[in-house]
Amino acid sequence: MKKIITFGTFDVLHVGHIRILQRARALGGHLTVGVSSDALNFSKKQRYPIYSENDRMEIIKSIQGVDEVFREDSLELKGEYIKKYNADVLVMGDDWVGRFDEFKSLCDVLYLPRTEGISTTQLIVNIKAYV
Ligand code: C2G
């Protein structure tokens, strides 16, 4: 059985998130998901996610096929997380292509195509325009 690991914010959950989780899970028998912390998001994007980290983790944990969830506190700790969770494959969306190749010494690194036409950012724009 292969262990898969993936990372993301998964804010304002949508089908793009569900599909990458399902495709990641289909590559092995066990899926671990690192959900990025509120502080990590703020440091990257200068804004907090709409949903808190506790809510995002609870939502991701409830998805069929997700076996294990933890909070990702730093982008710099990916190698440590891969080792801690004994991952055989790191899966990321292809918006990150090439960015995690350094971990190929620890596990396989796969970039899967993103789902076209949907994003949390666009959903927030749509909701703002709606209200
Ligand atoms: N995704 C996708 N299709 C979309 C939107 C997102 O396949 N239309 C994928 C992304 O490629 C990513 C995952 O869903 O693999 C989570 O996306 P985000 O929440 O945007 O995560 P991100 O902020 O890119 O992750 O260590 C990485 C960090 O945790 C940040």
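Is W96 buried or exposed? Keep that one in mind for a minute. First, a caution: this is a predicted model.

Let's start with the sheet. Five strands form an open sheet, and the pairing is parallel. The order runs β3-β2-β1-β4-β5. At the edges stand β3, residues 68–72, and β5, residues 108–112. Each has a single partner strand, so one side of each is left without a neighbour in the sheet. From one strand to the next, the twist averages 25°.

Now look at one pairing. Strand β1 covers residues 3–8, and strand β2 covers residues 30–36. They pair in the parallel sense over six bridges. Within that pairing, I4 stands opposite L31 in β2. Helix α3, residues 53–61, lies across β2 and β3. Its direction is at about 155° to β3.

On to the aromatics. A search of the whole structure finds seven aromatic pairs. Take F7 and Y81. Their ring centres are 6.0 Å apart and their planes sit at 45°, so this pair is tilted. F7 lies in strand β1 and Y81 in helix α4, residues 78–84, so the pair ties together parts 74 residues apart in sequence. F7 is buried, at 6% relative accessibility. Y81 is buried too, at 10%.

Back to W96. Its ring pairs with that of F100, with centres 5.3 Å apart and planes at 35°, so this pair is tilted. And the answer to my opening question: W96 is buried, with a relative accessible area of 19%. The cut-off for buried is under 20%. F100 is buried as well, at 7%.

Last stop, F7 again. Ring pairs link F7, F70, Y81 and Y85 into a cluster. K78 lies over the face of F7, at 4.4 Å from the ring centre.

Conventions:
Residues numbered from 1 in each chain as written. Predicted model: local features only at pLDDT ≥ 70, side-chain atom pairs only at ≥ 80, totals over all residues. Heavy atoms only, no water. Pairing = 2+ DSSP bridges. Helix = DSSP H or I, 4+ residues; strand = E, 2+ residues; numbered from the N terminus. Axes fitted to C-alpha atoms, helices over the stretch in contact; angles between N-to-C directions. Contact = heavy atoms within 4.5 Å. Phe/Tyr/Trp six-rings, centres within 6.5 Å; stacked < 30°, edge-to-face > 60°. Buried < 20%, exposed > 50% of the residue type's maximum accessible area, 1.4 Å probe, protein only. Lys NZ or Arg CZ within 6 Å of the ring centre and 35° of its normal.
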